[in-house]
Amino acid sequence: MRSALIVIDIQESFRQRPSWAAVSNPDIVNTVNPLIDDARRRGDLVVWVLHTEPGTGGVFDPAAGHDHIRYIEGLAPEEGEPQLVKTSANCFTTTGLQQLLTTEGIRHLIITGIQTELCCETTTRVAGDLGYDVTFVTEATATFPIAHREPGGPALSTEDVIARTEYALAGRFATIATVKEVLAR
């Protein structure tokens, strides 16, 4: 069965935010690259996704006069690999991802990227609802602590965010796997 490795939002925009100092996986490029190499060797589809927020003036705004909407150094699509740009939390709503996957005959997705509980988890949930078989590679994602909704309330650590995501997805929307498990498939 041919799979699609989805590389979500591993982009310079995140490194420009002060929160990058607290990222759960600062070495995400080196965590994801073995999965990319493996997908290419297998003939799987590698789909690259970048997030934009037009009109915000921030690090995700393509018209803000910076070049932050690009893959973090060390990641590079090869010729012919699809590159999508989204404006929603999931990779389906504002792109042609579902059409691309249907055209390619792909029913299995492997999810990697930034942010674990946001764009990666949301993409996984939508994919599950659409009937895709999804493998969520938590260690090939990255996230940040989440502040409490009340000022001064306790923040969720990156470890807590990751655990919550795994509990929410496992057996419902995805199979949780390590990089080693995906490489051994």
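Begin by selecting Val49, which stands opposite Leu84 in E3. The model in the viewer is predicted, so local features need pLDDT of at least 70 and side-chain atom pairs count only at pLDDT 80 or more, while totals for chains, interfaces and linings use all residues. Residues are numbered from 1 along each chain as its sequence is written, and side-chain values use heavy atoms, with hydrogens and water left out. Helices (H or I, at least four residues) and strands (E, at least two) are DSSP runs, numbered from the N terminus. Two strands are said to pair if DSSP finds at least two bridges between them.

**Stop 1**

Because 7 of its 7 residues are buried, E2 is largely enclosed by the rest of the structure. Buried means under 20% relative accessible area, exposed means over 50%, and partly exposed lies in between (1.4 Å probe, protein chains only). In a regular strand the side chains alternate between the two faces of the sheet. In E2, Leu45, Val47, Val49 and His51 lie on one side, with Val46, Trp48 and Leu50 on the other, and both faces are covered.

**Stop 2: strand E4**

Move to E4 by way of E1. Which residue of E4 does Val7 stand opposite? That residue is Thr112. E1 and E4 run parallel and are joined by 6 bridges.

E4 is mostly covered, with 7 of its 7 residues buried. His108, Ile110, Thr112 and Ile114 point one way from E4, whereas Leu109, Ile111 and Gly113 point the other way.

Continue to E5, which is joined to E4 by 6 bridges in a parallel arrangement. At Ile114, the residue opposite in E5 is Ala142. Then display helix H4 (residues 116–129): E4, H4 and E5 make a right-handed β-α-β unit. A crossover is right-handed if, with the strands pointing away from the viewer, the path from the first strand over the helix to the second runs clockwise.

**Stop 3: the nonpolar cores**

A nonpolar core is a set of buried Ala, Val, Leu, Ile, Met, Phe, Trp, Tyr and Cys residues joined through side-chain atoms within 4.5 Å. Select Leu5, Val7, Ile10 and Ile114, which touch the most other members of the largest nonpolar core, a set of 28 residues. The elements that give two or more residues to this core are strands E1 (3–8), E2 (45–51), E4 (108–114) and E5 (133–142), together with helices H2 (28–42) and H6 (179–183). H2 gives the most, with 6 residues. A second, separate core has 22 residues, including Ile6, Leu45, Leu84 and Leu109.

**Stop 4: helix H2**

Among the buried residues of H2 are Ile28, Val32, Leu35 and Ala39. What covers the buried residues of H2 includes E1, E2, E4, E5 and H6. Just after H2, select Gly43, which takes a positive phi of about 85 degrees.

**Stop 5**

Finish at Gln11, in the loop between E1 and helix H1 (12–15). Is Gln11 buried or exposed? Gln11 is buried, because its relative accessible area is 0%. Its side chain makes a polar contact of 3.0 Å with the side chain of Ser13. A polar contact is a pair of N or O atoms within 3.5 Å; within protein, one must be able to donate a hydrogen and the other to accept it, and residues adjacent in sequence count only if both atoms are side-chain atoms. A polar atom of the Gln11 side chain also lies 2.8 Å from the backbone nitrogen of His51.

Next select Phe60, in the loop between E2 and E3. Phe60 is buried, with a relative accessible area of 3%. Phe60 and Gln11 are 49 residues apart in sequence and 9.4 Å apart in space, C-alpha to C-alpha. Contact means heavy atoms within 4.5 Å. Not counting residues up to four places away in sequence, Phe60 touches Gln11, Ser13, Phe14, Arg17, His51, Thr52, Glu53 and Ile69.

Last, select His68, in the loop between E2 and strand E3 (83–86). His68 is buried, with a relative accessible area of 15%. Beyond residues up to four places away in sequence, His68 touches Gln11, Glu12, Ser13, Gln16 and Val59.
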